[in-house]
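Some terms in structural descriptions rest on cut-offs.

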Amino acid sequence: MTMLPIITTVVLEYADVPESSITRDTDPLRDLNLTSYDLMGIIGRLESELGVSVPEREIRHLVTLGDLDDYIKAHVGA
Amino acid sequence: MTVVVARSPGEASASEQREAARRLLGLGLQRAFGISPTEFEVERNAFGKPRLCGRPDVHFSIAHCGRAVAVLVAGQPVGVDVETVRCRDSSVAARCFDASERSRIDAAVDPDREFFRYWTLKESYVKALGCGLYYPLNRIHIDVSPEGEPESDKPRTRFRLVEAFPAVVIALCWLGRGERTTQSDPVYVEW
């Protein structure tokens, strides 16, 4: 099951953009003008809400929100 | 080393930030290297760090937030970061700061501002390295002292904080590579 709706809800707390502009292909740093600090906060929120851990070494590979969705789906409840 | 900074009169949009950053970069390149502010092209390395086309001797870094823009231009690798001071996120602190750093932040007079001093200093370091999020922030230890420059556990690396604007922290980092670096005071320009 996709986690994108939950990811989108959290992202919208950081980015002042319409919800319709957020897709799997969205790069939060490039497309939403978020900073790496915002990204760390978003990941921390998702870890807390979904009970998943995203190690520092994995963050570099999570370029788009689709990448983040795929990672969380594969590791939630693990 | 040339530092150019500008404070936004209000909360600047993303496009306003980018436009101001481009203008400040032109000013910095002109001051530091005599490069015409209308005749330069920027490309990015594999990690997204911008560099000047055809001028490998020119190093620069750009940072912007809703309140300010900062540009650092030098003849050696440099990094700059700027953040608006807001409520600190404890999950970010747990991920990126060690126990000593967290303890110093919690004990500070203004813990939120102290948090963003540490954050921007670490970010300025990874920007100087040119690898962005590819370098975990918990791999560098920073000591912010009320007196003197911030220090780290990395050799030939120097830092400076610029805190001329309310609610904004700007951090500068330059990689010495054994060279003597001439610091210059920030140039403050109109937004």
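**Terms and their cut-offs**

Q: What makes the passing of helix 1 of chain A and helix 3 of chain A a right-handed crossing?
A: Helix 1 of chain A passes helix 3 of chain A in a right-handed crossing. A crossing is left-handed if the near helix is turned anticlockwise from the far one by less than a right angle, and right-handed if clockwise. Helices (H or I, at least four residues) and strands (E, at least two) are DSSP runs, numbered from the N terminus. This is a predicted model, where local features need pLDDT of at least 70 and side-chain atom pairs count only at pLDDT 80 or more, while totals for chains, interfaces and linings use all residues. Residues are numbered from 1 along each chain as its sequence is written, and chains are lettered from A and ligands numbered from 1 in the order in which they are written.

Q: Which residues make the contact between these two helices?
A: Helix 1 of chain A supplies Ile6(A), Ile7(A), Val10(A), Val11(A) and Tyr14(A). Among those from helix 3 of chain A are Gly41(A), Ile42(A) and Arg45(A). Two residues are in contact if their C-beta atoms, placed from the backbone, lie within 7 Å.

Q: Why is helix 1 of chain A called oblique to helix 3 of chain A?
A: Their axes come within 10 Å and cross at roughly 140°. Axes are lines fitted to C-alpha atoms, for helices over the stretch in contact, and angles run from 0 to 180 degrees between N-to-C directions. Angles under 35 degrees count as roughly parallel, over 145 as roughly antiparallel, 65 to 115 as roughly perpendicular and the rest as oblique. Therefore helix 1 of chain A is oblique to helix 3 of chain A.

Q: How many residues of chain B are in contact with chain A?
A: 13 residues of chain B are in contact with 12 residues of chain A. Helix 2 of chain B gives the most to this side of chain B, with 4 residues.
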